[in-house]
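Subject: Structure handover

Hello,

Please find the structure below, with its sequence. My notes on it come after.

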Amino acid sequence: MTIKTSSAPLRQLLLSLAFVLATDSTFPLQAQCPMSWDDAGVPIPNPDPPSPLGTPELSIEELLQFVHDQGITNVAELLDGMPPAMKENYTLVETTGTGLPSSVEHPRMILFGSDSRFIMAIATDPDDQQREVIDIADLDDDTGFWKFRSLDMAATPPALSADDSACVACHGSPARPIWGSYPDWPGIYGPDNDRLTSPQASRLEALRTSEAPASDRFRSIELLDSPYETGDTFSLPGRSYPYVNTVLNMELGAAVADGVYRRARRSPIFRELREEFLLRSYCAREIPDFMNSPAYQELEALLISLGAPSASLEDFYGLLQLDPGNDFSLDRLASEPTDSGWNVSTDSLFGLVDLLVLADLMIDDPQVRSLLAALPDHANGFSSGCFDHLEDALRYKIYQGWTLRGEARRAAREVAFDVDLLRSHQGIFDQATTPLCEYLAANIGFQGHIFQDGFESGDTSAWTQTTNGF
């Protein structure tokens with residue numbers, strides 16, 4: 001396999017991990033292990049395929065071009081022409097925190113696709129004066145920033161807003177999506193653990209059984225074939241793991257972490273600080289008394305010399321021109337106090353960024369790759385232990401969580417989904433704590449520090465000084 005260098009775009013880096021195996025095997029949710037780290041359960045000839053013929057590519061610019069080329073003049077027509085991945089992945093908003101008109105009878109519709117990298121918010125109320133305006137969030141692969149625009153379908157011809165200046169008051173600067181933290185989504189259909197309230201279930205059932213829905217918006221989305229009842233989990237018909245809001249949490253978490261990681265990689269000091277980043281972001285949080293160790297003192301001195309106020313994780317992010325207080329506070333409006341502990345459902349956004357940085361390092365560093373290849377992938381409460389070693393377990397997470405895009409991801413999610421996919425610390429790092437953290441420290445040059453390991457017995461490793469070195 002050819003290993004790309006870290007100067008290549010992320011897509012190239014991830015695709016360098018992906019030998020795509022065309023296989024006709026399928027594995028239902030949690031029923032059996034994949035045959036290999038790139039077994040998606042269905043043949044995947046292209047993990048990032050173009051949109052199906054006759055539908056737009058999922059970017060703001062391509063969507064506008066599609067609208068103009070097809071002569072589309074209203075939202076309903078555009079929805080009819082969207083790719084299946086957009087029509088099958090949606091949630092409904094009963095009340096918003098931004099003051100936009102919405103109700104249980106006429107909820108705002110959020111289309112998030114298979115990977116939540118392109119999101120559309122649409123009014124369904126026939127009396128809403130902005131019902132022909134689509135709010136769009138689009139993650140830019142090149143920059144790692146989200147682009148927010150409004151597409152006014154009532155204009156002649158339909159037109160985009162010039163920038164995101166109208167969005168930052170709610171979405172922050174730089175702008176990022178707003179979405180509740182697992183398992184609570186106030187104001188959303190299925191607000192508590194995806195369970196529908198009585199009015200929400202009644203509205204969905206009315207839409208399901210009506211031949212003429214109250215809004216033409218709903219004709220484009222797929223509803224369940226079975227009745228909706230109070231307390232049911234709000235479910236998507238096209239996913240093996242169907243729970244709407246939990247699905248959006250996980251897919252959006254992966255997208256947000258990817259954007260932050262891409263922005264970090266644009267920093268001129270990122271490549272030289274990957275080991276230090278993982279040592280601070282993972283090892284320092286998992287190892288008792290690390291903050292009092294000589295290794296931490298050396299790390300702190302290094303970061304301060306580079307301009308960081310301290311060796312805190314937040315200041316390390318700041319050194320890379322990132323702000324987790326804004327970037328990770330997805331359940332907060334920009335005017336509200338920040339909280340970077342947004343719950344993906346199986347990990348934090350910090351954990352997902354750690355995973356991407358580890359994959360980046362593995363691509364460049366054969367010793368990291370060998371280290372992970374020498375460690376077995378143990379089955380535990382947070383990992384199925386499907387692979388012979390952690391190298392393939394990491395490749396599997398990257399392939400399923402980030403490499404697969406669009407309709408390829410839709411096809412894979414239709415037949416199978418690993419609910420522990422995004423457990424980065426519990427699924428990968430925690431099985432490699434001692435050798436990985438020792439290697440990171442040694443590679444940086446923090447000599448004279450070694451672990452006393454009690455991890456296998458249930459105690460996390462602790463740093464101690466020794467005269468032996470590594």
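Predicted model: local features only at pLDDT ≥ 70, side-chain atom pairs only at ≥ 80, totals over all residues.

Residues are numbered from 1 along each chain as its sequence is written, and side-chain values use heavy atoms, with hydrogens and water left out.

Overall make-up

The protein chain has 17 helices and 8 strands. Both are DSSP runs numbered from the N terminus: helices are H or I with at least four residues, and strands are E with at least two. Of the 470 residues in the protein chain, 56% are buried. Here buried means under 20% relative accessible area, exposed means over 50%, and partly exposed is in between, with a 1.4 Å probe and protein chains only. The protein chain exposes about 18,700 Å², and carbon and sulfur atoms supply 49% of that area. Accessible areas come from the Shrake-Rupley method with a 1.4 Å probe; for residues, only the protein chains shown count as cover. Among contacts in the protein chain with a separation of 6 or more, 63% are between residues 24 or more positions apart. A contact means heavy atoms within 4.5 Å.

Disulfides

A disulfide is a covalent bond between the sulfur atoms of two cysteines. Taking a disulfide as a pair of cysteine sulfur atoms within 2.5 Å, the count is 2.

The torsion about the S-S bond is about -80°, so the disulfide of cysteine 33 and cysteine 386 is left-handed. Cysteine 33 is partly exposed, at 33% relative accessible area.

Cysteine 283 and cysteine 437 also form a disulfide, with their sulfur atoms 2.0 Å apart. This pair links distant parts of the chain, 154 residues apart: cysteine 283 is in helix H8 (residues 274–286) and cysteine 437 in helix H17 (residues 433–444). The link of cysteine 283 and cysteine 437 is left-handed, with -95° about the S-S bond. Cysteine 283 is buried, with a relative accessible area of 0%, and cysteine 437 is buried, also at 0%. With the bonded cysteines numbered in sequence order, the pairing is 1-3, 2-4.

Cysteine 167 is buried at 14% relative accessible area, whereas cysteine 170 is partly exposed at 25%.

The sheet

An open sheet is formed by 6 strands in the order S1-S2-S3-S4-S5-S6, with antiparallel pairing. Two strands pair if DSSP finds at least two bridges between them. Strand S1 (90–93) and strand S6 (159–160) are the edge strands, each pairing on one side only. Strand S2 (residues 108–111) and strand S3 (residues 118–122) pair over 3 bridges, and methionine 109 has isoleucine 122 in S3 as its bridge partner.

Arginine 413

Arginine 413 is in helix H15 (residues 406–415) and is buried, with a relative accessible area of 2%. Leaving aside neighbours within four places in sequence, the contacts of arginine 413 include Arg239, Glu251 and Leu421.

Backbone details

Two peptide bonds to proline deserve a look. The bond from threonine 156 to proline 157 is cis, with omega near -5°, and proline 157 is in the loop between S5 and S6. The bond from serine 173 to proline 174 is also cis, with omega near 0°; proline 174 is in the loop between helix H5 (168–171) and helix H6 (198–209).

Glutamine 321, not a glycine, has a positive phi near 65°. Glutamine 321 lies in the loop between helix H10 (313–319) and helix H11 (324–327) and is exposed, at 66% relative accessible area. Serine 345 also has a positive phi, about 130°, but is buried at 16%.

Regards
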